[in-house]
Amino acid sequence: MPELPEVETVARTLSKRLIGKTIAKVDVLREKNVDTPPSLFRSILPGKRFESISRRGKYLLFHLSGGWVILSHLRMEGKYFFRPDESQIQRHDLIVFHLEGGEVLCYNDSRRFGRMGLYKENELPHTSLSKLGKEPFEEGAEEFFLSLKGKKKPIKEVLLDQTIVAGVGNIYADESLFRSRINPFLPAGSLSREEASSLLSSIQAVLTEAIRKGGSTVKSYHPQEGVDGRMQNELLAYGRGGRPCPRCGFPLHKAKLGGRGTVYCPHCQKNPEEKFVIGVLGPIHSGKSTFASILEKKGFRIFDADQEVRSLYRLPSVKKKLSSAFGEGILKEGGVDFASLRSLLSNSKESRKTVNGIVFPLIKKRAEAYIEKQKPGSRILLDVPLLFDAKMDSLCLATVLIVAPLEKRKQRLLEEGRDADALLSLNADYPLEEAKKKASFVLENEGSVEEFERAIEKLPLF
């Protein structure tokens, strides 16, 4: 839906061609889009001259001679086009203004949500304009702060409420909140004076820049036929879900808020109530345990998938599925024979696939339950070697892949007195290249522990 900058740009664009022109005739092709009697358009508008075009919030106001005003809201897809008078009616043309001199102004709306009405100037205070709050340029920091006070709704929902702030929509709410480092889910009334002042300044700056650049052509908005806005090239948050934050590199998160897609950075725009979930993955002995221990010291709660898998193997339902897949020989004294299982997994890719098919769904459910029981604001690390294969990245705000040279990993295993060849064979087909493409961050662990710790400290996780 066009927001304040787009509507302002349309008003300025139309003014250049429309001011001073006179209406000869009006065709109302779809009366449902007209809020006042369509007969008024046909009987009153002929002979009226366009004197000025203004904007209030997301509304266009066409001021005509004789004290009449056409009040127009574009909603999602409404557009105005100039065409030669002899041109044929186009699909989705809803209202056509024939101008003296042989030109027409067409209101075209493929979604047919736009609204239009004809009023006398003195009737405007009694129209839908009366419900609009102040525009961001009309109030100061203290007034804006007081308008938020006591409101429990998320700050983004309040910004989209046109009765509180007129003209701001989804695009510029995301942008303004991002630039002021305010989480969109925070209750509006929880903002301090300083935060409210910063947010208002960001809104004003973003809207001013967007007006200067002719608005944002994200989907179908065009200030005039064949012309795009340019502000979409400057957007830092809106429409960038999943991409790195331009400020810190953490993946921008897309969520639903009040039914609207909302993009923000969980690291830069912190919310003390949000659970901050990170996933770590990587081949065996690449450094995941060291990574987990460092994060645990910094207050992260750790979900260890390897430990959970071992406990799963004790469940009767899992033992039954394993014996059904591999025969009774996979069991020993009522439990899983880990030597036999390890041998199967080391020598057969198909066996690994079968076991993963049994284990992965159960591990994901346990991780979901673990996250659910943590307190609001908790920081959580999911330590899952095959995080992407288990489709557990959907539980995470960001993922960290840790890689180390094969020889380095083998050396570490040998130093611990473990069967390096057998353990590494379990990871022979680890999907490393695919994981590198998907991971939010890739950490190389080929130096000392101190170097690894310094690399971890540089990540935007704390």
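A search of the whole structure, which is a predicted model, finds zero disulfides.

**Cysteines**

- C248 takes part in no disulfide, and the nearest cysteine sulfur, that of C268, is 3.6 Å away.
- C248 is partly exposed, as its relative accessible area is 24%.
- C396 is also in no disulfide; its nearest cysteine sulfur belongs to C265 and lies 16 Å away.
- C396 counts as buried, at 11% relative accessibility.

**The parallel sheet**

- Five strands make up an open sheet with parallel pairing, in the order β12-β15-β11-β16-β17.
- The edges are taken by β12 (301-304) and β17 (441-444); each has a single partner strand, so one side of each has no neighbour in the sheet.
- On average, neighbouring strands of this sheet are turned by 20 degrees against each other, direction ignored.
- β16 and β17 run parallel and are joined by four bridges. I402 stands opposite L443, a residue of β17.
- Helix α11 lies across β11, β12 and β15, and runs at about 165 degrees to β12.

**The antiparallel sheet**

- Another open sheet has four strands in the order β2-β3-β4-β8, and here the pairing is antiparallel.
- Its edge strands are β2 (50-56) and β8, each of which pairs on one side only.
- Neighbouring strands in this sheet are turned by 20 degrees against each other on average, direction ignored.
- Six bridges connect β4 (residues 68-73) with β8, and these two strands run antiparallel. The bridge partner of W68 in β8 is K120.
- Helix α1 (residues 4-18) packs on this sheet and touches β2 and β3 (59-64); the direction of α1 makes about 175 degrees with that of β2.

**Nonpolar cores**

- In soluble globular proteins, nonpolar side chains tend to be buried together.
- The largest nonpolar core in this model has 35 residues. Those with the most contacts inside this core are F303, Y313, L322, I363, L382 and M392.
- The elements giving two or more residues to the core include the strands β11 (276-281), β15 (379-383) and β16 (398-403). The helices among them are α8 (305-312), α9 (316-326), α10 (338-347) and α11 (349-373).
- α11 provides the largest share of this core, with eight residues.
- Beyond its neighbours within four places in sequence, F303 is in contact with E308, I363, R366, A367, Y370, L381, L382, D383 and M392.
- A second, separate core has 30 residues, among them V26, V34, L45 and L94.

**A buried glutamate**

- E135 sits in the loop between β8 (115-120) and α3 (141-148).
- E135 is buried, because its relative accessible area is 6%, below the 20% limit for a buried residue.
- The side chain of E135 makes a polar contact of 2.7 Å with the side chain of R55.
- Not counting residues up to four places away in sequence, E135 touches L4, R55, R56, G57 and A166.

Conventions: Residues are numbered from 1 along each chain as its sequence is written. This is a predicted model: local features need pLDDT of at least 70, side-chain atom pairs count only at pLDDT 80 or more; totals for chains, interfaces and linings use all residues. Side-chain values use heavy atoms; hydrogens and water are left out. A nonpolar core is a set of buried Ala, Val, Leu, Ile, Met, Phe, Trp, Tyr and Cys residues joined through side-chain atoms within 4.5 Å. Buried means under 20% relative accessible area, exposed over 50%, partly exposed in between (1.4 Å probe, protein chains only). Contact means heavy atoms within 4.5 Å. Two strands pair if DSSP finds at least two bridges between them. Axes are lines fitted to C-alpha atoms, for helices over the stretch in contact, and angles run from 0 to 180 degrees between N-to-C directions. A polar contact is a pair of N or O atoms within 3.5 Å; within protein, one must be able to donate a hydrogen and the other to accept it, and residues adjacent in sequence count only if both atoms are side-chain atoms. A disulfide is a pair of cysteine sulfur atoms within 2.5 Å.
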